[in-house]
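Here is a short briefing on one protein model. Look at the sequence and structure first, then read on.

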Amino acid sequence: MKQPSEKLRQKIKKKRPDITDSSLHTYITSLRMLYSQYVDGDESKLEKPLKTKFLHNFESIKKLLELCRTPNTCKNRLTSILVALDAETKNRDQKLIDKYQAYLKDIMVGVNKQIESQELTRKESTNWLDFNDVKDVTNKILEKINKNDLWKKSKLSKSEYGLVQKYVLLRFYLSYPMRNNVADTKVVSPAEYKGLDDDERKGGNYLIRDGKTFIFKLNKFKNVKRIGVKSYDINPEISKLLTKWFRINNSGFMFTLNDGRTALSANGVTKVMNSIFSEFADGKKISTSMLRHIQISDDLKDEPTLAEKKAKAEKTEQKYQHSSSMNQTYRRITED
């Protein structure tokens with residue numbers, strides 16, 4: 001059952017016009033799950049539109065939050081609550097918001113402790129793969145594609161189309177480990193991209209195709225305000241793969257549902273990614289977020305851990321009676 005939430009979505013969107021669709025979806029999903037707990041799964045109540053009134057019962061909500069399996073889950077729930085309460089117009093209660101913010105501050109102690117430890121969470125422990133094992137998954141998919149000669153078939157079934165797409169999607173992410181940013185991405189020519197107005201450019205991400213070369217324009221993503229628009233010149237290996245893919249997928253979108261026409265949403269990207277590892281890695285559940293953790297961990301495997309860096313910094317502080325930042329100002333770099 002999908003609880004109606006359009007009015008609440010619009011309120012949040014009005015308060016936060018720059019919010020991404022994926023973030024909005026995450027907040028609404030979190031609030032739905034919390035409300036389901038609040039009404040103890042009463043289906044008659046879950047049929048009604050999702051409202052923020054239940055969040056005003058702070059003590060009851062706090063008891064539910066205490067049931068969260070990890071501090072990070074609790075943090076995500078609280079963030080969703082604060083976003084929803086901040087969007088209220090008639091019943092906005094700043095004192096209530098302050099209470100939730102204070103609770104979030106307490107929860108963040110546990111979250112930061114987990115981050116600093118760099119240890120796998122319970123969910124990660126269950127689903128983690130080494131990066132080499134992830135690459136093995138791509139080989140398994142490719143073997144199945146080649147065995148059935150899918151690259152050369154004139155017409156693919158929905159399941160065959162979906163299999164090829166899984167391979168292309170995962171290969172793309174291994175080279176360009178983004179979040180769910182390929183969602184709703186249109187494939188356009190350089191002239192078409194140049195002809196877009198500012199709002200159209202800011203409103204989406206685009207794969208610019210010029211013959212057999214590609215540029216990915218990342219205009220709409222989580223940190224765009226902080227680091228600005230990003231442009232990726234797609235490497236020759238992935239460009240060759242995309243060229244093959246667009247002989248099959250002529251929808252005008254980078255990735256689609258298995259109907260080959262409808263653009264893949266952010267939620268759709270998560271579902272496809274999960275299905276890849278569920279099928280080819282013994283039921284593992286890996287999203288684009290966890291895949292990024294796996295890749296970053298592999299990239300940094302030879303570097304000191306946060307704990308090791310902290311220990312070294314503390315040892316240097318003790319030796320020179322300075323803070324780490326002050327020690328850096330004393331440091332001089334000389335030519336060899």
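Which residues gather in a patch of negative charge on the surface? They are D197, D198, D199 and E200. This is a predicted model, in which local features need pLDDT of at least 70, side-chain atom pairs count only at pLDDT 80 or more, and totals for chains, interfaces and linings use all residues. Residues are numbered from 1 along each chain as its sequence is written, and side-chain values use heavy atoms, with hydrogens and water left out.

**Overall picture**

- The protein has 17 helices and 4 strands. Both are DSSP runs numbered from the N terminus: helices are H or I with at least four residues, strands are E with at least two.
- The C-alpha trace spans about 70 × 60 × 45 Å along its principal axes.
- Of the 336 residues, 37% count as buried. Buried means under 20% relative accessible area, exposed means over 50%, and partly exposed lies in between (1.4 Å probe, protein chains only).

**Confidence**

- The mean pLDDT of the protein is 92. This score is the predictor's confidence in each residue, from 0 to 100.
- A pLDDT of 70 or more is reached by 99% of the residues.
- Among the elements, helix α9 (residues 158-175) has the highest mean pLDDT, at 98. Helix α12 (residues 224-227) has the lowest, at 81.

**Charged surface patches**

- Patches are made of residues with over 30% relative accessible area and no salt bridge; like charges are joined within 9 Å, and nonpolar side chains (Val, Leu, Ile, Met, Phe, Trp, Tyr) within 5 Å.
- Accessible areas come from the Shrake-Rupley method with a 1.4 Å probe, and for residues only the protein chains shown count as cover.
- Lys and Arg count as positive, Asp and Glu as negative; His and the chain ends are not counted. A charge is placed at NZ of Lys, CZ of Arg, CG of Asp or CD of Glu.
- In the negative patch, E200 sits in helix α11 (residues 198-202). E200 is partly exposed, because its relative accessible area is 38%.
- A positive patch is formed by K7, K11, K45, K48, K51, K53 and K90.
- K90 is in the loop between α5 (71-86) and α6 (94-117). With 80% relative accessibility, K90 counts as exposed.

**Salt bridges**

- There are 7 salt bridges. The rule asks for a side-chain nitrogen of Lys or Arg within 4 Å of a carboxyl oxygen of Asp or Glu.
- R16 and D86 meet in one of them, at 3.7 Å from N to O. R16 lies in the loop between α1 (6-15) and α2 (21-38) and D86 in helix α5, so the pair ties together parts that are 70 residues apart in sequence.
- D86 also bridges to R92, with the closest N and O atoms 2.7 Å apart.
- D86 is buried at 16% relative accessible area. R16 is partly exposed at 33%, and R92 is partly exposed at 36%.
- E160 and K153 form another salt bridge (2.9 Å, N to O). E160 is buried, with a relative accessible area of 19%, while K153 is partly exposed at 35%.
- Shared partners join R16, D86 and R92 into one network of salt bridges.

- I81 lies in helix α5. Is I81 buried or exposed? I81 is buried, because its relative accessible area is 0%.
- I81 and L55 are 26 residues apart in sequence. In space, their C-alpha atoms are 7.2 Å apart.
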